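Reader: Hello! Could you walk me through this structure, one question at a time?

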Amino acid sequence: MKAQFKIVLVVAMCLAGSIARSDDPAPEGEVLAMAGRLTFTLDQESGPLAVRFAGLDLPPDSSLDDWFDDNLVGQRVRLILASPEPDRYGRLIAQVYRLGEGAPVWLQQELVEAGHVRVVSHADNFDYAEYLMRVEAEARSAGRGLWADRAHRVRDTHPDALAQDLDSVQIVAGRVTSVAELDSGRVYINFGTDYRTDFTVRVDADDVPVFRARNLEPLELEGRRVEVRGWLYEENGPMIRLDHPERLRFLDEAPPG
């Protein structure tokens with residue numbers, strides 16, 4: 001009973017955002033409990049740490065409680081931190097390696113390979129995204145996990161169909177029909193002839209240099225078949241905003257550069 005109380009107390013502390021930063025770039029410890037869908041608490045001498053799996057997304061209608069109970073809770077893990085500072089929820093963002101006999105097991109790869117999660121990187125944390133998206137593509141082709149369910153399929157760019165998926169994270173694939181850069185510097189990547197109703201990808205002016213610095217010129221995407229992922233919302237038809245190039249994958253041939 002005391003042990004259960006301790007775990008509940010730790011989870012409550014983590015959710016309250018009271019966990020301090022970590023000075024150890026690769027902390028290790030035992031996983032005490034899950035504190036969220038992709039968040040757990042790590043026991044350390046200095047106190048428990050709230051940790052969130054970097055670069056992964058779990059659809060809201062999916063659960064990995066049993067998997068985490070069998071493969072994570074009570075296990076010893078090592079973290080590779082994206083940053084020593086916690087996010088706004090008090091969580092450390094990290095790549096997670098399960099320790100035991102033999103080589104450490106990279107849990108991000110294991111989860112993606114099994115089709116349990118989707119890959120969704122962030123502008124301040126995109127390490128390994130390109131590799132993990134290739135692993136995800138293989139899992140999709142094999143119909144593993146989420147990808148066996150049509151509800152989680154990659155969407156095409158038809159605006160009427162995408163209207164059913166607004167206000168959610170989606171993966172959309174199609175061919176770019178045109179690209180326009182406004183005087184403001186904002187770029188619109190169009191997947192149809194009517195920008196007022198068709199699916200569009202938006203790259204804000206402040207983010208365009210990030211694409212160009214990584215040798216990806218948005219204006220050269222016309223005619224290319226690509227896959228994009230992110231929050232789907234309504235703005236002159238369904239739209240996804242990209243703030244870094246790791247959320248775009250080429251489906252035809254090798255990307256430029």
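Reader: Which residue just after α4 takes a positive phi?

Author: Helices here are DSSP runs of H or I with at least four residues, and strands are runs of E with at least two, numbered from the N terminus. Just after α4, a positive phi of about 70 degrees is found at Gly143. This is a predicted model, where local features need pLDDT of at least 70, side-chain atom pairs count only at pLDDT 80 or more, and totals for chains, interfaces and linings use all residues. Residues are numbered from 1 along each chain as its sequence is written, and side-chain values use heavy atoms, leaving out hydrogens and water. So the residue to look at is Gly143.

Reader: How far apart are the end C-alpha atoms of α4?

Author: The expected span of a helix is 1.5 Å times one less than its number of residues. Helix α4 covers residues 129-142, and its 14 residues should span 20 Å. The distance between its end C-alpha atoms agrees with that: 20 Å.

Reader: What covers the buried residues of α4?

Author: Buried means under 20% relative accessible area, exposed over 50%, and partly exposed in between (1.4 Å probe, protein chains only). Among the buried residues of α4 are Leu132, Met133 and Val135. Counting contact as heavy atoms within 4.5 Å, the cover includes β7, α3, β8, β9, β13 and β15.

Reader: Is Asn215 buried or partly exposed?

Author: Asn215 sits in the loop between α6 and β13. Although not a glycine, Asn215 has a positive phi of about 65 degrees. Its relative accessibility is 46%, so Asn215 counts as partly exposed.
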